[in-house]
Amino acid sequence: MTLLPGTPFDCLADGDKLKEECGIFGAIGLTDAANFVALGLHALQHRGQEAGGIVCYDPVDGFNSARRFGYVRDNFTRADVMATLPGSLAIGHVRYSTAGSKGATAIRDVQPFFGEFAIGGCAIAHNGNLTNAARLRKDLIERGAIFQSSSDSECIIHLMARSMQKTQAERLKDALRLVEGAFSVIAMTRTKLMGVRDPLGVRPLVLGRLGEGWVLASETCALDIIGADFVREIEPGEMVVIEDGVVQSTRPFAPAKSRFCIFEQVYFSRPDSIIGGRSVYETRRQIGVELAREAPVDADLVCPVPDSGTPAAIGYAAESGIPFGLGITRNQYMGRTFIEPTEQIRNMGVRLKLNVNKSLIRGKRVILVDDSVVRGTTSRKIKDMIIDAGAAEVHFRIASPPTAWPCFYGVDTPERSKLLAATMTEDQMRDWIGVDSLKFISLDGLYRAAGEANGRDPAAPRYCDACFSGEYPIAPADQLAQGFEMKTAAE
């Protein structure tokens with residue numbers, strides 16, 4: 001699959017970065033709404049690069065859709081494609097497969113999904129993962145449902161079809177009360193745009209205003225690209241229905257304490273987005289500050305691993321007083337390898353994406369700041385590049401705690417046995433990567449950087465941090481049925 005040049009390590013065959021979930025965007029009350037949706041999806045491209053889709057409604061032409069593989073810029077900027085998507089109401093989705101046919105996406109798996117019911121058509125776009133999808137799918141198939149995709153999100157359409165409610169909004173509520181896991185959903189009928197977040201608010205969703213129209217999006221950066229004003233975040237467990245310029249809010253689920261995904265702060269969201277009234281960039285810079293306080297080291301240069309390590313590196317340098325330098329340069333135009341990927345080319349690995357500034361690195365004690373370590377293979381390759389450039393010492397500082405547990409809420413993570421932190425201590429990871437020192441920010445430090453002055457409250461954590469702590473706020477029913485072992489009290 002093709003991945004954004006802006007996330008260079010995601011292009012590596014060893015998959016040494018966590019993959020974003022998906023991005024969703026909807027617009028109502030705007031002339032040629034699909035054009036705004038395409039722009040919004042372009043701003044959310046970092047959340048998924050496999051494929052994208054748009055569904056729209058026009059009173060004359062009815063529902064229309066376009067689904068394509070690849071980038072938004074390569075598909076939904078073409079006049080012939082956009083001409084097929086008329087109307088003032090549209091929703092869209094960019095996909096990285098976290099459920100279904102991972103890495104081998106079929107066009108039938110590309111969202112939004114559409115269903116034609118007795119009371120009219122409805123399309124949905126889903127960001128997140130349903131943790132009971134396998135059981136739901138089995139039950140639905142046994143009751144006669146015919147699935148068209150391998151996506152967990154299609155369960156929602158089939159559950160809506162079986163609801164006896166009189167409106168699509170009520171059917172959507174019925175369906176979502178039966179699913180478990182993480183979901184931010186945007187849906188549309190002929191006249192309504194709807195947005196829902198799961199009771200814990202694991203995945204993001206925001207509301208914006210553009211003139212007389214309204215928009216829903218995964219992140220505020222998608223509002224900025226079309227000039228929309230940010231109104232507010234959709235709250236955990238909230239459903240909004242927008243029709244005739246009016247926004248109505250309901251609470252379909254039992255109240256629950258929110259557990260927003262903390263990795264949105266660390267890596268997934270764009271740094272120019274706002275989460276919880278706070279700049280993502282500022283949170284990441286503050287992570288670097290906390291990291292410098294927790295894990296100081298004598299060195300000559302603080303160097304980010306581009307691009308996701310840059311804000312934390314800036315914060316680390318400012319707090320430590322050690323000079324900041326761009327010791328690694330990213331090839332801005334590196335997509336797929338532009339020549340036949342022979343074994344020799346494949347062995348170049350990271351060097352196709354990154355290059356070291358040897359004149360800056362030579363003879364220096366270098367602190368490399370990165371956002372995370374997953375398998376560790378990329379970290380080893382970067383270390384080798386820095387050593388080859390003549391560095392005297394290499395110290396890694398990681399802007400997240402050790403990733404020791406898989407995510408089941410919409411992030412594609414390797415199985416636990418392939419996560420470096422699940423099989424090694426910090427010292428063992430340091431020796432395996434081959435650096436002079438390796439330190440991760442603590443979970444308390446991460447919480448402080450995200451605005452929790454007293455760190456993490458173990459009795460009632462504010463965020464979902466299961467990938468670090470192993471404490472899953474929603475039991476992963478399907479995984480447990482397949483033998484996944486949850487964290488024990490001893491751990």
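Reader: How many cavities of 30 Å³ or more does the structure hold?

Author: The structure holds five cavities of 30 Å³ or more. This is a predicted model, where local features need pLDDT of at least 70 and side-chain atom pairs count only at pLDDT 80 or more, while totals for chains, interfaces and linings use all residues. Residues are numbered from 1 along each chain as its sequence is written, and side-chain values use heavy atoms, with hydrogens and water left out.

Reader: What makes a space a cavity, and what is the volume of the largest one?

Author: On a 1 Å grid over the protein atoms alone, a cavity is a set of points where a 1.4 Å probe fits but cannot get out. Points are joined across faces, edges and corners, and the volume is the space filled by probe spheres set on them. By that rule the largest cavity comes to about 100 Å³.

Reader: Why are helices H4 and H5 called oblique?

Author: Helix H4 (residues 133-142) and helix H5 (residues 154-162) pack at about 45°, with axes 10 Å apart. Under 35 degrees would be roughly parallel, over 145 roughly antiparallel and 65 to 115 roughly perpendicular, so the rest is oblique, and that makes H4 oblique to H5. The axes are lines fitted to C-alpha atoms over the stretch in contact, with angles from 0 to 180 degrees between N-to-C directions.

Reader: Which residues make the contact of H4 with H5?

Author: Ala 133, Leu 136, Arg 137 and Leu 140 of H4 meet Cys 155, His 158, Leu 159 and Arg 162 of H5, where contact means heavy atoms within 4.5 Å. They divide into five nonpolar, one polar and two charged.

Reader: What makes a crossing left-handed or right-handed?

Author: The crossing is left-handed if the near helix is turned anticlockwise from the far one by less than a right angle, and right-handed if clockwise. H4 and H5 cross left-handed. The crossing of H9 and H10 is right-handed.

Reader: At what angle do the axes of H9 and H10 cross?

Author: Helix H9 (residues 280-294) and helix H10 (residues 310-320) cross at roughly 45°, and their axes come within 6 Å. H9 and H10 are therefore oblique to each other.

Technical notes:
Helices (H or I, at least four residues) and strands (E, at least two) are DSSP runs, numbered from the N terminus. Ala, Val, Leu, Ile, Met, Phe, Trp, Tyr, Cys and Pro count as nonpolar, Asp, Glu, Lys and Arg as charged, and the others, Gly among them, as polar. On a 1 Å grid over the protein atoms alone, a cavity is a set of points where a 1.4 Å probe fits but cannot get out, and a pocket is an open set with protein on both sides within 12 Å along at least five of seven lines; lining residues have an atom within 4 Å of a point.
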